Amino acid sequence: MGSKMLLRRFNTFSCLMKEKPTNLKGKKHSSQQWIVRQLKDPYVEKARQHNYRCRSAFKLLEINRKHHLLQPGMNVIDCGAAPGSWTQVAARLVNADKKMLGEPVGSVIGIDKLPIFPIEGATLLANMDFTKKRTQDLIKQCLNERFVDIVLSDMAPNAIGMKEADHENIIKLAYSVFKFALEVSSYESTLVMKVWDGGMSPALEKDLEMFYKVVKIARPQATRDESSEKFIIAKGFKGLKTQARV
């Protein structure tokens with residue numbers, strides 16, 4: 001199916017979401033709950049109005065507003081990018097789309113296992129597993145020997161409904177991003193990662209404190225009440241003694 005047809009269907013769905021469903025009969029209870037929740041969610045409508053692909057854009061926008069992370073000219077990696085809302089935000093704020101005249105031009109690389117429609121100013125590695133070495137090697141090739149100012153991760157594993165196992169799986173993902181960030185980040189860089197609440201989070205935060213000057217926790221307003229997600233913000237990468245960085 002062509003990208004234009006898929007975009008038309010997406011836009012049609014967005015328009016339909018503004019209207020109250022008149023007949024949910026026959027749909028699974030979980031599907032009914034999702035539809036009603038979307039209709040009641042103000043961030044879904046805001047995302048449509050601002051042409052963001054997903055409501056999660058407002059999580060990054062709030063984090064950035066409070067912590068002043070993204071600036072024109074920065075190099076950014078977005079892990080778990082699909083459908084692309086964080087990449088959209090990052091590309092605009094670092095001027096990767098070249099729309100801020102007179103400002104330095106940054107770069108954004110977005111990676112995800114799922115397809116991602118093109119985003120102006122961004123390099124997208126779709127249908128690729130970030131945790132695989134070949135994917136990380138390709139990211140380094142795309143960086144062309146540049147170091148990164150911010151690594152973002154909104155990645156999460158498919159939840160299986162077992163809280164401890166789900167928590168362990170997302171922490172494993174976070175460590176894979178953390179380890180990669182150590183390899184490609186410049187001095188004073190930032191790492192932002194999503195995790196779910198659980199007993200392994202404090203240890204991760206302690207490990208981050210070994211390499212970053214400041215580690216904070218954020219729970220943006222756009223995070224749904226029933227969600228256990230939070231974002232770890234690690235600022236001021238101290239660098240690695242074995243590598244020279246600029």
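This is a predicted model: local features need pLDDT of at least 70, side-chain atom pairs count only at pLDDT 80 or more; totals for chains, interfaces and linings use all residues.

Me: What makes Lys163 buried or exposed?

Reply: Lys163, whose place is in helix 7, has a relative accessible area of 64%, and the cut-off for exposed is over 50%, so Lys163 is exposed. Between Lys163 and Asp197 there are 34 positions in sequence, while their C-alpha atoms are 9.1 Å apart in space.

Me: How do you know how helix 7 and helix 8 are oriented to each other?

Reply: Two packed helices are described by the angle between their axes and the distance between the axes. For helix 7 and helix 8 (residues 201–209) the angle is about 10° and the axes are 11 Å apart. Angles under 35 degrees count as roughly parallel, and helix 7 and helix 8 are therefore roughly parallel to each other.

Me: Which residues of helix 7 and helix 8 meet?

Reply: From helix 7 come His167, Ile171, Ala174, Tyr175 and Phe178, and they meet Ser201, Ala203, Leu204, Asp207 and Leu208 of helix 8. Sorted by class, this contact holds seven nonpolar, two polar and one charged residues.

Me: What makes strand 3 and strand 6 the edges of the sheet?

Reply: The sheet is open and has seven strands in the order 3-2-1-4-5-7-6, with mixed pairing. Strand 3 (122–125) and strand 6 (212–218) each have a single partner strand, so one side of each is left without a neighbour in the sheet. From one strand to the next, the twist averages 15°.

Me: How do you know that strand 1 and strand 2 are paired?

Reply: Pairing requires at least two bridges between the strands, and five bridges join strand 1 (residues 75–79) to strand 2 (residues 107–111), the two running parallel. Within this pair, Asn75 stands opposite Ser107 in strand 2.

Me: Which helices lie against the sheet?

Reply: Helix 4 (residues 57–67) packs on the sheet and touches strand 4, strand 6 and strand 7, its direction making about 40° with that of strand 7. Helix 7 (residues 163–184) lies across strand 1, strand 4, strand 5, strand 6 and strand 7, and runs at about 170° to strand 5.

Me: Which residues touch the most other members of the largest nonpolar core?

Reply: That core has 33 residues, and Ile77, Ile139, Leu191, Leu204 and Leu208 touch the most other members. Among the elements that give two or more residues to this core are strand 1, helix 6, helix 7 and helix 8, and helix 7 gives the most, with 10 residues. Leaving aside neighbours within four places in sequence, the contacts of Ile77 include Ile109, Ile139, Val148 and Phe180.

Methods
Residues are numbered from 1 along each chain as its sequence is written. Side-chain values use heavy atoms; hydrogens and water are left out. Helices (H or I, at least four residues) and strands (E, at least two) are DSSP runs, numbered from the N terminus. Axes are lines fitted to C-alpha atoms, for helices over the stretch in contact, and angles run from 0 to 180 degrees between N-to-C directions. Contact means heavy atoms within 4.5 Å. Angles under 35 degrees count as roughly parallel, over 145 as roughly antiparallel, 65 to 115 as roughly perpendicular and the rest as oblique. Ala, Val, Leu, Ile, Met, Phe, Trp, Tyr, Cys and Pro count as nonpolar, Asp, Glu, Lys and Arg as charged, and the others, Gly among them, as polar. A nonpolar core is a set of buried Ala, Val, Leu, Ile, Met, Phe, Trp, Tyr and Cys residues joined through side-chain atoms within 4.5 Å. Buried means under 20% relative accessible area, exposed over 50%, partly exposed in between (1.4 Å probe, protein chains only).
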